[in-house]
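Hi,

Here is the structure I promised to pass on.

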Amino acid sequence: MFLLRRLLWMAGTLWLVFTISFFLMRGIPGGPFSSDQKTHPLILERLERKYGLAEPVLVQYGRTLKDLVLHGDFGPSFKLLDYSVNDLLAQGLPRSLALGAVALLIALGLGVTAGVVSALRRGGLLDRSLMLLATMGIALPNFVIASVLILIFVIQIPLLPAAGWGSYRYLILPAICLGAPFAAYVARLTRTGMLDVLGQDWIRTARAKGLSDRRVVLTHALRGGLLPVASYLGPAVAGILTGSLVIEKIFAIPGIGTYFVQSALNRDYTLSMGCVLLYTALVSSMNLLVDISYTILDPRVELDG
Amino acid sequence: MVESAHVGRRAAVRDDRELERLLEEAAKVRGNTLWSDARRRFRSSPVARWSLRFLILAFVVSFFAPLLPLAPHARVRLSEKTLAPFAEPLRQDGLFFRHGWPERFDGGASEEDRDALRRAAMDRLCADAGVIAGAMIRVRASIFGDFELTPLVGTDVLGRCLLSRILWGGRVSLMVGIVATLVSLLIGVTYGAFSGYVGGRVDQYMMRFVDVLYSIPFIFIVIFLMTFLRAQQTATTGRGDKILVFFVIIGAIYWLTMARVVRGQVLSLKHREFVEASKVLGGGTWHVLMRHVLPNVMSVVLVYLTLTIPRVMLFEAFLSFLGLGVEPPDVSWGMLAADALGAINPLRVYWWFVLFPSLALGSTLLALNFVGDGLRDALDPRLMEKRARR
């Protein structure tokens, strides 16, 4: 029941996004074929007829929606020769997902470790410097972090490749740059969560029955302390997807982020719209997953609406 | 009888005097208001205090950047490209100051010709800068003449003065932050206050609408929107309008959280005694809302505001970095960062490209975050309770 409602909600969101972007696209003068060079009006007309741009907007809307829902077809790219939007997205998606997943892992791994450590060493030098680092990570945009890291690890000490896509070595630097701000957030959240939990009675009970520090922290405290982190995962995934636009551009990774920005700059309507929809779908399905994972971490939470 | 009445009157007189005295005394005592408390707490944190000072300084300096004797930020001078701070060619005409603003006119032209050329160049500069900055440039010209600062932090790949670009970029970036946040404030507070105060079914629907908007990833739609806006606006309207539209769009997507926060506060306030009292005394909805409810929401709004500004600035930097935001000849910090990254190459390291814009953007954002945290600690009553318990 819960799943069904959430899936309906998701479908509704996607439809809304589709509608908004469709009418934005059509509502503004200047079609995909208007360019700096003058095209002959007759050729323009034929092109528009071929792609069905001459029909009334509502008819186009219905047809595009039908293509999308029934066949999962976004149509041809308006600017890249010989590619349909589906091809491009299918090509870019695995790369972007790999980058995003590694970045998320880095964010969680680094963030939780730093958060737990600074909660256990509360008020100490380590805690303070970690939290200062976290504030910096939150405040600095990822391209600033990226340019500094590139200067250090690519130019000064040539350890890693500067840009491109290939072996896992191409993934390290972009994933770190992408994950860093979120690691900072996660660290803060973990710290607060752990501090709250460590003050609870049941932690004292666990200690009193003679459990080792490590066991108390890892099995008893961490589960409760991670709750705020779990609810942050949704926004984090959305943020990582957004950040990947910049990171993919910096490191020249041919993922959907790059396609999206390129399509926006080239006014490639169909590709741009496909990317918007794909991103929306990714964000909302991740939110769903996060809500489900929340119940696993905290049995008190019930799923509804 | 008479006697007792007399005593009674005297007692009344004494009471009156007593009351007056008490009132006078009360007038002298200044109670601790939320704001004075907050100010004291805010001042007690050195990080927040210094961050605030830094921000004010940054804001004033970049707002009045056109008044400073800087080189024009868009002036290309290929003979000076990619020069490090205080590189030899920059020191030729003087260590800090040199002649030649707004442009150098060498060669055979006579004194009057050069003057005319200079005036024309200045007019172009003012026209490009818009009304306010244009006026400031004229004032600057009458103060400093054709003196300008040498590019103290180096020049970029086109020989433009990096210092000047950073300060002018700061104008745009800070302006985006403030204007867009104000837009989001206006929409969010109005929406949230109305929804919370009216309550009932209206509130339910209004909040449902916010939920729906929340589930839409607007950042992507904005990028999508900028695609069209750029193409269309270059054709029809001027540059100033475009930046304004840009501000408004950014502001319009950041109001959601503000609306939620304000609504929650208003809901919890509207059944408090002082609000009820004002209603009973005949205060209209508008009066009660403006006079009694909103002032009590302000502390939360202020905290949220300072946390929104850096987010908006980041978003502007993000868009400009992608090439979808502010367009040349305007500059913003995001654009400078993009330029810097574009110029990174293994042969020569132009460290000043990366360092100074990053420093400007980074320190401002960091300071904003510190001020936001400081304000939250100073104003948030829940945190106060927490601290008391510890």
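**What I found**

In chain A, 73% of the contacts between residues at least 6 apart in sequence join residues at least 24 apart, a contact being heavy atoms within 4.5 Å. Before the rest, some ground rules: this is a predicted model, where local features need pLDDT of at least 70, side-chain atom pairs count only at pLDDT 80 or more, and totals for chains, interfaces and linings use all residues. Residues are numbered from 1 along each chain as its sequence is written, chains are lettered from A and ligands numbered from 1 in the order in which they are written, and side-chain values use heavy atoms, with hydrogens and water left out.

Staying with chain A, its secondary structure is 12 helices and 0 strands (DSSP runs numbered from the N terminus: helices are H or I with at least four residues, strands E with at least two). Of its 305 residues, 44% are buried (buried is under 20% relative accessible area, exposed over 50%, partly exposed in between, with a 1.4 Å probe and protein chains only). Chain A has an accessible surface of about 15400 Å², and carbon and sulfur atoms account for 65% of that (Shrake-Rupley, 1.4 Å probe; for residues, only the protein chains shown count as cover).

Now chain B. B:Leu52, B:Ile56, B:Phe59, B:Val60, B:Phe64, B:Ile178 and B:Leu182 make a nonpolar surface patch of about 540 Å². Two or more residues each come from α3 (46–63) and α7 (162–198) of chain B, and α3(B) gives the most, with 4. Patch residues have over 30% relative accessible area and no salt bridge, with nonpolar side chains (Val, Leu, Ile, Met, Phe, Trp, Tyr) joined within 5 Å and like charges within 9 Å; a salt bridge is a side-chain nitrogen of Lys or Arg within 4 Å of a carboxyl oxygen of Asp or Glu. B:Phe64 sits in the loop between α3 and α4 (88–91) of chain B and is partly exposed, at 36% relative accessible area.

B:Trp255, by contrast, counts as buried at 9% relative accessibility. B:Trp255 belongs to helix α11 (residues 255–269) of chain B. Beyond four places in sequence, its contacts are B:Ser184, B:Ile187, B:Gly188, B:Tyr191, B:Val210 and B:Leu213.

On confidence, chain B has a mean pLDDT of 79 (the predictor's confidence in each residue, from 0 to 100). Helix α16 (residues 381–389) of chain B is lowest, at a mean of 47, and α3(B) highest, at 90. For the complex, the predictor gives an ipTM of 0.76 and a pTM of 0.79.

Cheers
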